[in-house]
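Here is a short briefing to read alongside the sequence and the 3D view. Have a look at both, then follow the points below.

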Amino acid sequence: SYIIHSGGTAYGSEKSFKTNALGTFADITKTFGDAKFSLTAPTAVSTSAFSYGSSNTGVATISGSEVTIVGAGSTTITATQAATSTYAAVTKTLILTVNKATPTITLNVPTTTALNLVTGGNTITVSGTSSDGQTVAMEIVSGGATGTLTATGTPGQFTLSNVSSSGIITFQGSVPGNDNYNTATKQAAMDVTKNNQTITFN
């Protein structure tokens, strides 16, 4: 005689399959850019091996039990324990959520500059970079002085000219964000100082 079960076909006059209930397989939250990590198998009565699959390989891929984050979003990870002659195959799922990362913006702005270096056709260069590789946009947002920022053609680089007077100029760099990164901004202040006068005695 035989019986057919999800665990396979068993032969014999008194064959039965035992229930194999899996333990906790908790949801996981990560951030884009995080390192690879290994899954911890659910506790189980059976000692057969586990295999894992990801429903969205645009978010994470799995090799063995090692998970590689590919992008922001969510994916269902399924743990499957193989059937044995005693226990049926069983599965359990968790949700992996990968949050967008927030990039770090670095502004290359001098803390102080003389007024004569940014007037009368003279310019200085300011720039910004972002850890995610996005191009940084820059603008003057506040301060006691104003000026003109002109893109140089090099991504994230600008010249400053036509500064109105001495005082503080506050620059803001920003990136718009994308599928894997949040928007981000950073400010930096520059003190435009008055020119020193030269007195000559005759």
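How many positive and negative side chains does the chain have, and how far apart do the centres of the two sets lie? There are 8 positive and 8 negative side chains, with 7 Å between the centres of the two sets. Please keep in mind that this is a predicted model.

**Overall form**
- The chain contains 17 strands and zero helices.
- Its radius of gyration is 31 Å, whereas the globule rule gives 17 Å for 202 residues, so the chain is more spread out than a compact globule.
- Along the principal axes, the C-alpha atoms fill a box of roughly 125 × 25 × 20 Å.

**Surface and contacts**
- Buried residues make up 33% of the 202 in the chain.
- The accessible surface is about 11,400 Å², and carbon and sulfur atoms contribute 48% of that area.
- Among contacts in the chain with a separation of 6 or more, 56% come from residues 24 or more positions apart.

**Strand β12 and its partners**
- Strand β12 spans residues 124–130, and it is largely enclosed by the rest of the structure because five of its seven residues are buried.
- Strand β10 (residues 105–108) runs antiparallel to β12, and four bridges join the two.
- Thr106 has Thr129 of β12 as its bridge partner.
- Strand β15 (residues 157–161) is also antiparallel to β12, again joined by four bridges.
- To find this pairing in the 3D view, look for Ile124, which stands opposite Leu160 in β15.

Terms used:
Residues are numbered from 1 along each chain as its sequence is written. This is a predicted model: local features need pLDDT of at least 70, side-chain atom pairs count only at pLDDT 80 or more; totals for chains, interfaces and linings use all residues. Side-chain values use heavy atoms; hydrogens and water are left out. The radius of gyration is taken over C-alpha atoms; the globule rule is 2.2 Å times the number of residues to the power 0.38. Buried means under 20% relative accessible area, exposed over 50%, partly exposed in between (1.4 Å probe, protein chains only). Contact means heavy atoms within 4.5 Å. Accessible areas come from the Shrake-Rupley method with a 1.4 Å probe; for residues, only the protein chains shown count as cover. Lys and Arg count as positive and Asp and Glu as negative; His and the chain ends are not counted. The place of a charge is taken as NZ of Lys, CZ of Arg, CG of Asp or CD of Glu. Two strands pair if DSSP finds at least two bridges between them.
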